[in-house]
Amino acid sequence: MNRKEMDIIGLSIDDTVFLKNIIEKSVREDIAINRMSFEEGIARGRKVAAVLISGAFLLEQAKELYPDSRIIVAKRIMTGQNLDKVMLLPKGKKVLVANHPQEVTMETIQSLKELGLNHLHYIPYWEGLKIDF
């Protein structure tokens with residue numbers, strides 16, 4: 001039997017380890033899952049059935065690296081863990097939302113707003129951004 005392969009691509013080692021653990025717990029098929037990060041370096045010219053990327057901000061790079069593979073974009077979702085604390089913050093409270101890269105920070109803020117948490121003033125932050133409090 002020919003074993004299918006999937007590559008997981010992310011900016012950091014931590015991102016790809018996290019995603020690989022989730023996929024390995026969920027997938028019941030016989031799939032070899034490889035992970036690579038831009039932090040470590042990405043192998044070029046690999047032929048795999050599918051590529052999971054850690055966010056839409058990597059889509060163009062993934063298409064260049066894997067022109068013949070199916071590209072799947074991971075979508076971050078907010079869970080109930082600690083959301084109750086955020087809900088109890090007073091209206092207009094300034095909240096620093098730190099993530100990496102910029103696109104993920106903005107996606108996190110959008111997710112909070114989609115959950116109805118519109119009573120707060122979100123201050124986005126990502127590595128390298130200078131902010132004035």
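## Overall fold

The chain has four helices and six strands. Helices (H or I, at least four residues) and strands (E, at least two) are DSSP runs, numbered from the N terminus. Along the sequence, they follow the pattern β-α-β-β-α-β-α-β-α-β.

This is a predicted model: local features need pLDDT of at least 70, side-chain atom pairs count only at pLDDT 80 or more, and totals for chains, interfaces and linings use all residues. Residues are numbered from 1 along each chain as its sequence is written, and side-chain values use heavy atoms, with hydrogens and water left out.

## Size, surface and contacts

The C-alpha trace spans about 60 × 35 × 20 Å along its principal axes. The chain holds 133 residues, and 32% of them are buried. Buried means under 20% relative accessible area, exposed means over 50%, and partly exposed lies in between (1.4 Å probe, protein chains only).

The accessible surface comes to about 9100 Å². Carbon and sulfur atoms account for 51% of that surface. Areas come from the Shrake-Rupley method with a 1.4 Å probe; for residues, only the protein chains shown count as cover.

A contact means heavy atoms within 4.5 Å. Take the contacts between residues at least 6 apart in sequence: 61% of these join residues at least 24 apart.

## Charges

The chain carries 19 positive and 18 negative side chains. Lys and Arg count as positive, Asp and Glu as negative; His and the chain ends are not counted. The centres of the two sets lie 4 Å apart. Each charge is placed at NZ of Lys, CZ of Arg, CG of Asp or CD of Glu.

## Salt bridges

Side chains of opposite charge can pair when their charged atoms come close. A salt bridge here is a side-chain nitrogen of Lys or Arg within 4 Å of a carboxyl oxygen of Asp or Glu. The count comes to five salt bridges.

One of them joins R46 and E5, at 3.2 Å from N to O. R46 sits in the loop between β2 (31-37) and β3 (50-53), while E5 is in strand β1 (residues 4-10), 41 residues apart. R46 is partly exposed at 26% relative accessibility, and E5 is partly exposed at 31%. R46 also meets D7, at 2.7 Å from N to O. D7 lies in strand β1, so this pair ties together parts that are 39 residues apart in sequence. D7 is buried, at 0% relative accessibility.

Another salt bridge links E40 and R35, with their closest N and O atoms 2.9 Å apart. E40 is partly exposed at 43%, and R35 is partly exposed at 25%. Shared partners join E5, D7 and R46 into one salt-bridge network.
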